[in-house]
Amino acid sequence: MSGSREELDPTNPVALTSATRSSGRSSGIAQRAIASRSIAKMAEPYALTRRILDDRRLIHPEQSVRARTDAFREIRTRLLALGGDSNFITMVAPISPCSGGSFVARNLAIAFSFDEARTALLIDCNLRNPSQHVALGVEPGAGDLIDYLENPDIGVEKILRHTGIPRLRLIPNTSKREMSGEYFSSFGMRTLLDSLRDRYADRYIFLDGPAVKGSPDARILSELADFVVLVSGSGRDSPSAIRRHVADFDPNKLAGVVFNQLP
Ligand SMILES: Nc1ncnc2c1ncn2[C@@H]1O[C@H](COP(=O)(O)OP(=O)(O)O)[C@@H](O)[C@H]1O
Ligand SMILES: [Mg+2]
């Protein structure tokens, strides 16, 4: 990482940076500014208890160990500063597998949902090892990301799932696929993301991506995102490997690297 990169202490996670904004992003902003804000008030059909949230290692505002919640709030604040007035899509991907990429993606999405004026949508884009429906306790069944991409006629509402966390929705992925790059570079995926983001000005989207190491899929997925957050698990990546992998991403999108202390 370059000297300009700022590091917080993520004894639980963190460490974000500055990123310059891509100048090409402004065209859709005016449109989005007038989009509806109605989902912020959307009712949750069920709510997870604090006990379940703790057991699942999901952050919540009343958490007794505040360091973790505060770390995610800090990342949220920095992303919002980068994003300006418009909502955005953030890809979160681990450098090496099992580094906590999915852990960071879902807790970051939850941190955005704390604010009643915002909603968060987490999309499980790890087609080889999908995990978010299990981690969030969302029953598989009604259709997932790949079902939709293969047959958009099922309708997006079918795959947008409640999570028991106010203002957080999940688009799960439950079917394992080897060739995720083909889905990520598809016209259908781009159209889906654009419509999900543009429909509600208060909706922030998080793509839980596959590991960067050993596959081009995370980089391909990053083309659909406004910002990229990489996750390095403690002891998993050497500084030179981190530097090398960071360099694969568009510097205009790279928000930073989270150093995650694995349990
Ligand atoms: N900071 C952390 N604190 C507690 N548990 C964590 C932390 N980071 C990761 N984990 C757990 O470690 C396991 C692997 O993390 P995961 O997010 O699935 O990794 P990746 O997506 O990088 O493959 C999961 O069970 C996750 O809940
Ligand atoms: Mg993962």
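Begin by selecting helix α3 (residues 66–83) together with α4, whose axes come within 9 Å and cross at roughly 75°, the axes being lines fitted to C-alpha atoms over the stretch in contact, with angles from 0 to 180 degrees between N-to-C directions. The two helices are therefore roughly perpendicular to each other, a word that covers 65 to 115 degrees. This is a predicted model, in which local features need pLDDT of at least 70 and side-chain atom pairs count only at pLDDT 80 or more, while totals for chains, interfaces and linings use all residues. Residues are numbered from 1 along each chain as its sequence is written, chains are lettered from A and ligands numbered from 1 in the order written, and side-chain values use heavy atoms, without hydrogens or water.

Next, show the side chains where the helices meet (heavy atoms within 4.5 Å): α3 contributes Arg68, Phe72, Arg73, Ile75, Arg76, Leu79 and Leu80, and α4 contributes Phe103, Val104, Asn107, Leu108, Ala111 and Phe112.

Now select ligand 1 and the 15 residues that surround it, the closest being Cys98, Gly101, Ser102, Phe103 and Asn260, where a residue counts if one of its heavy atoms lies within 4 Å. Helix α4 (residues 101–113) supplies the largest share of this shell, four residues.

Finally, turn to the polar contacts, pairs of N or O atoms within 3.5 Å. An oxygen atom of ligand 1 lies 2.9 Å from a polar backbone atom of Ser99, a nitrogen atom of the ligand is 3.3 Å from a side-chain N or O atom of Arg68, and a backbone N or O atom of Gln261 is 3.3 Å from a ligand nitrogen atom.

Note on methods
A polar contact is a pair of N or O atoms within 3.5 Å; within protein, one must be able to donate a hydrogen and the other to accept it, and residues adjacent in sequence count only if both atoms are side-chain atoms. Angles under 35 degrees count as roughly parallel, over 145 as roughly antiparallel, 65 to 115 as roughly perpendicular and the rest as oblique.
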